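Biologist: I've got the chains up on my screen and would like to talk them through with you. Can we start now?

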Amino acid sequence: MRRHLRLLLIFCLLPLAAWGVERFPPPEFSTDYRLPELLLPGFRPEWLPFLDVAVLAAALALAAWVVLKKRSRVGVFALTLFSILYFGFFRRGCVCSVGSLQNVAYSLTHADYALPLAAAAFFLLPLAFALFAGRVFCAAVCPLGAAQDVVLFKPIKLPPWLEHVLGLLPYLYLGAGVLFAALGTHFLICEYDPFVALFRLSGPVHMLLFGGVLLAVGMFVGRPYCRFLCPYGVLLRWTAPLARWRVRITPTTCVNCRLCEDACPYGALHPPTPVGGARREGRGRLVLALVALPVLMALGAWGGYKAITPLYFTDPIAVQARAIETQEADTGASTASTAEKPVDPLYMQALKQRRHYELGGVLFGLWVGLVLGGKLIALSVRRRRSEYETDAAACLACARCFGSCPVEHDRLARQTEVETS
Amino acid sequence: MTTPTREPEIRYATALRVTLIAALFVLLVSGTLAVHYLAGQLVNPANPVKVTALRAALQKNAADETLKNTIRDEDQRLRQAYFSRHAFATEGVWLLLGGVAVLVLGIKGACHARRQLPYPPRHDIDDPRTVAAYGRKAVLAFGAVVAVAAAGFIVGLRAPADPAYLVRAEQAAAKAERAKGYANAAELAHNWPCFRGAGDTGTADATPPATWDKTTIRWSVETGLPGKNSPIVWENRIFLSGADEHKREVYCYDADTGALRWTRSVAGLSCQDAGTEPLTVMADTGYAAPTMATDGRRVFAMFANGDLACYDVDGNPVWAKNMGRPESTYGHAASLLTWHNRLLVQFDQGGSADDGKSFLYALDTITGEVVWKVKRPVPNSWASPMLITAGGREQLVTCANPVVIAYDPKNGTELWRAECLGGDVAPSPAFADGHVFAVNTGSNLAALDPGAKGKVLWTAQDGLPDIVSPVSDGKSVLLFNQDTATCVDAKTGQKLWDHQFPAAFRTSPMLINGTVFVLDITGVLHRLQLGPTYSEAGTSALGEAVETTPAFVGTRVYIRGTKHLFCIGK
Amino acid sequence: MTDEKQPVSRREFLGMGLRGAGVLVAGGALGVLAHAHATTVWQIDPEKCTQCAGLPEARCATACVKTPSAVKCVHAHAICGYCKLCTGFFLPQPNDLNTGAENQQCPTGAIKRTYIEDPYYEYVIDRNLCIGCAKCVKGCTDFGNGSLFLQIIHDRDHCTECNACAIAVACPAQAIVRVPGTAPYLIKTSFK
């Protein structure tokens with residue numbers, strides 16, 4: 001009986017709802033009761049983003065100075081701890097440079113989204129510093145790198161072929177991250193950020209586990225996330241080789257003593273190449289690799305085209321549109337009248353999104369082909385080195401290798417002499 | 001005593017112990033947290049299984065006090081468990097963090113104590129060529145893995161082909177896309193988009209039948225509300241409007257069959273200037289005098305009360321507004337015209353130019369919003385604007401008392417003006433061979449050069465019309481006043497001939513492929529050849545009074561009689 | 001550096017050019033892209049929220065990276081009807097109109113019901129107890145004025161201000177939107 005009454009009540013009230021009138025008009029109290037004020041905590045102060053940017057710039061400058069001028073591993077370590085505390089635990093990981101690349105991609109495809117200053121600065125400042133001082137951001141400023149750096153104890157050397165393969169993952173991850181950010185569906189890189197859950201001390205269990213596993217692996221494999229996943233690292237890889245001041249193991253001249261050969265835990269140190277071998281050697285392979293590039297890109301584009309529909313169906317808009325379609329079917333809309341019915345605005349949105357997927361899927365496939373082909377070309381080009389050289393693209397500027405160089409020890413000894421005398 | 005050499009060993013041992021203890025602690029805490037987490041999965045106040053079951057039981061036995069107490073106890077237990085677990089997890093995480101910090105320091109210390117001097121590696125340097133060769137193979141293998149994974153993804157998530165909603169959305173989007181644009185000049189010229197053909201110039205290309213009579217009428221259909229507006233034609237649709245004192249309607253007929261495709265009623269538009277007095281117009285003008293216009297996607301209709309409505313060609317309303325009730329002695333009559341995505345409305349009103357009420361409007365065809373408007377120094381007029389290309393640019397030529405003004409249709413900039421008219425201006429201008437001919441009874445027939453800032457070339461005063469617009473082939477200009485036609489030389493204004501017909505004329509003559517077609521009010525169509533002497537090529541009688549200008553499209557002629565709409569031709 | 005007096009090599013010159021261009025691009029991009037005022041936060045649009053109708057549990061309660069969720073119920077008293085039989089407070093077909101657990105929607109007892117005057121009762125949310133399950137919101141929106149609704153609470157104890165809101169991805173109605181950081185709440189002012 002009561003249920004019937006309630007149903008009756010609802011039907012009586014529905015017309016009111018259409019007019020935007022309250023079902024139960026707010027009462028006029030005869031007592032002196034006053035409406036409680038709705039008090040909600042305000043957002044963090046507006047100057048906080050500026051502080052973040054200032055701290056970032058200062059930390060980058062300090063890192064560059066400590067690595068390149070002071071050549072001090074202790075200094076780098078101290079800054080690492082600071083970054084874990086400030087950018088990690090205090091700022092709780094957001095916004096970070098790695099994630100900011102998605103904000104940039106999103107703002108480029110969504111005119112209604114204004115890029116916040118903090119996101120733009122976090123994206124650009126480390127790249128700008130990399131143009132002059134290499135990857136000092138990775139050295140001690142990035143909280144994700146810092147967390148892995150402090151747990152590295154017993155680095156083992158990965159077989160070079162494995163390093164080559166794993167080194168491709170960041171490129172693919174970057175492509176996927178930019179794709180989904182530009183489509184406006186996911187911030188993939190943030191969703192699968194392994195350490196941000198640790199910094200927040202809460203998060204989905206699988207992400208906490210992932211972070212824990214990466215840290216455990218990171219005790220023996222130097223910085224697995226930075227080297228084999230980080231998409232922002234790809235951008236830094238492109239800019240760091242242009243650096244004006246680079247990390248050099250030896251302060252003056254290399255004596256080829258081989259003492260530093262195993263000093264780099266991140267595979268960024270290349271030994272000199274053996275002398276000899278014909279100049280023409282391997283030229284045919286290079287030509288083959290150059291021919292393979294467009295083939296791989298075409299294959300990638302084809303694969304990307306094939307993946308459009310399945311990819312689209314994972315999109316939240318597609319999921320929602322599907323739910324509405326089912327709902328429409330359930331409410332008994334006869335198929336004959338569907339043509340006359342106005343099209344739900346969400347369907348139009350879904351169609352637009354579908355078109356974006358068509359473009360994005362093919363572009364992503366092209367990118368995968370380009371990455372694979374490019375790597376094959378890179379592996380077919382012979383490089384010559386006469387001394388131990390740091391790979392500017394891969395060097396994370398952690399300053400670990402300096403201590404292995406006898407010339408550096410000599411320099412330090414002389415410096416102490418000068419200071420004491 | 002410890003010797004300096006043994007000091008690192010002691011430090012190492014200490015660090016190792018710290019490390020071990022910290023590791024044990026971390027394991028313990030994380031283990032506890034994990035167990036706690038798993039057990040906590042069962043404590044979910046948002047989905048209280050037991051309480052829900054108990055509540056269901058209470059529904060059946062509403063008075064059971066012990067059951068109520070059981071529910072309350074269970075509820076409280078659940079809530080306490082939830083919040084205490086949460087508090088425990090928060091504290092546990094901090095403990096874990098502290099443990100990890102100590103662990104890291106311990107291992108660091110141990111490593112530091114056992115630090116060894118670097119030693120040259122015993123192995124040889126790998127040959128980079130071998131490394132690269134392995135690398136290439138590995139990359140290729142990786143590529144294969146990526147391909148298999150992608151194939152697995154595509155096949156595994158095999159989704160149906162485009163779902164129905166996407167197809168529907170696509171159709172709607174295509175329709176919206178079509179609706180967005182406007183027809184180009186060639187399309188406009190192939191149709192009859194406004195009064196007196198594209199541009200409202202009085203000349204058009206068509207091949208109407210040379211002779212016809214009542215029996216060769218393709219179809220005729222009764223029209224709705226009365227209207228003195230002429231039919232316009234877009235592809236296989238004919239549009240008309242009609243109105244009386246109370247109702248305003250827009251009609252769409254099928255050009256092939258004459259069937260009424262749709263009719264729409266224009267109503268409910270608020271008008272601020274309406275006042276309380278009913279709108280009165282002269283019977284000869286009526287409530288729907290302005291001829292409609294189309295840009296090929298939408299049609300526009302205007303009425304004597306200032307209502308302006310826009311529908312797409314299928315009759316879906318796009319926008320409607322009231323422009324304000326026109327203060328017009330005989331009733332508003334200027335026909336509509338489109339230019340690109342603009343609807344041009346010559347809105348002359350008021351008894352005197354000093355009233356400042358006359359404007360030329362350009363409205364966005366899609367939204368109906370005013371894009372630009374310019375004030376016109378004229379009182380009410382009844383002539384329609386004309387769109388021409390002269391002097392290398394498009395010009396909108398308007399006639400009123402006392403000036404002919406040309407505007408840039410893009411932004412309303414005035415291009416030129418010529419003072420040559422007077423009185424209540426009703427005839428629209430004509431355009432031929434680069435010259436504009438403006439005329440009104442009691443003032444002048446003026447030939448203007450629109451390429452030279454509207455310079456008045458000559459004026460003449462013979463046979464000036466009061467309603468009917470002139471027509472010209474560039475050599476001569478033909479005027480119809482009441483039942484008399486007067487032909488003057490287009491170069492000099494000299495009268496060539498005049499001729500009296502049995503009936504008067506209200507419709508505007510059209511120059512179709514060199515022949516003038518004009519209907520008198522009894523519905524007799526006269527075909528005249530322009531030249532130094534009067535020459536009639538033939539007549540055809542419709543059998544119904546006609547006051548509107550026919551539309552000539554292809555091989556057909558569409559004529560709106562006072563009661564019927566006729567289609568003549570194949 | 002010691003090699004300053006040496007003539008600039010081609011490689012160095014190229015490097016300098018690229019660096020200069022890079023800095024220009026970075027500076028220009030920062031100027032064009034960045035908007036100091038544009039800091040945005042995530043918020044639930046109450047008009048779009050469907051209280052996860054048809055789902056066993058509201059995603060707002062489960063998808064947040066925080067436990068309990070940073071989403072809390074908020075009460076706009078200005079549009080509240082002060083009903084005696086509040087459908088946000090009471091379960092459908094309550095046993096009795098009292099605060100017993102057998103009658104309450106709220107699983108954590110976060111709604112405080114106070115008698116004001118006949119027949120009006122005041123309802124206040126205790127945010128420390130609320131877990132964002134939306135049960136009361138659903139009751140109030142379906143049958144009442146909709147004065148109860150969910151909001152993400154923006155202070156250090158609640159929202160961690162994730163760059164990508166985890167709930168926004170999970171929301172079936174896509175009701176979680178970016179709003180300016182200076183006006184972080186979307187408060188209901190009328191019944192729709």
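This is a predicted model: local features need pLDDT of at least 70, side-chain atom pairs count only at pLDDT 80 or more; totals for chains, interfaces and linings use all residues.

Biologist: Which residues of helix 3 of chain B are buried?

Modeller: A residue counts as buried if 20 or more other C-beta atoms lie within 10 Å of its own. In helix 3 of chain B, that picks out B:K68, B:I71, B:D75, B:L78, B:R79, B:Y82, B:G99, B:V100, B:L103, B:G106, B:I107 and B:A110.

Biologist: How far apart are the end C-alpha atoms of helix 3 of chain B?

Modeller: Helix 3 of chain B covers residues 65–113, so its 49 residues at 1.5 Å a residue should span 72 Å. The model agrees with that, since the end C-alpha atoms are apart by 71 Å.

Biologist: And what separates the centres of the two domains of chain B, domain 1 and domain 2?

Modeller: Domain 1 takes in 7–120 of chain B, and domain 2 takes in 179–568. Taken over C-alpha atoms, their centres are separated by 86 Å.

Biologist: Which residue takes a positive phi in the hairpin of strand 21 and strand 22 of chain B?

Modeller: Strand 21 (residues 445–449) and strand 22 (residues 455–460) of chain B pair antiparallel over five bridges. Five residues sit between the strands, and the one with a positive phi near 60° is B:K453.

Biologist: Over to chain A: which helix gives the most to the side that touches chain C?

Modeller: The contact takes 56 residues from chain A and 54 residues from chain C. Elements giving two or more residues on the chain A side include helix 1 (2–19), helix 4 (97–109) and helix 5 (117–133). That side divides into 37 nonpolar, eleven polar and eight charged residues. With nine residues, the top contributor is helix 5 of chain A.

Biologist: What stands opposite A:L115 in strand 1 of chain C?

Modeller: Strand 1 of chain A and strand 1 (residues 34–35) of chain C run parallel, joined by two bridges. Opposite A:L115 you'll find C:A34.

Biologist: Last one: is A:L48 buried or partly exposed?

Modeller: A:L48 belongs to helix 2 (residues 48–70) of chain A. A:A118 is 70 residues away from A:L48 in sequence, but 9.3 Å away in space, C-alpha to C-alpha. Because A:L48 has 15 other C-beta atoms within 10 Å, A:L48 is partly exposed.

Conventions
Residues are numbered from 1 along each chain as its sequence is written. Chains are lettered from A and ligands numbered from 1 in the order in which they are written. Two residues are in contact if their C-beta atoms, placed from the backbone, lie within 7 Å. Helices (H or I, at least four residues) and strands (E, at least two) are DSSP runs, numbered from the N terminus. Ala, Val, Leu, Ile, Met, Phe, Trp, Tyr, Cys and Pro count as nonpolar, Asp, Glu, Lys and Arg as charged, and the others, Gly among them, as polar. Two strands pair if DSSP finds at least two bridges between them. The expected span of a helix is 1.5 Å times one less than its number of residues. A residue is buried if 20 or more other C-beta atoms lie within 10 Å of its own, exposed if 12 or fewer, and partly exposed in between; C-beta atoms are placed from the backbone. Domain bounds come from an automatic or database domain assignment.
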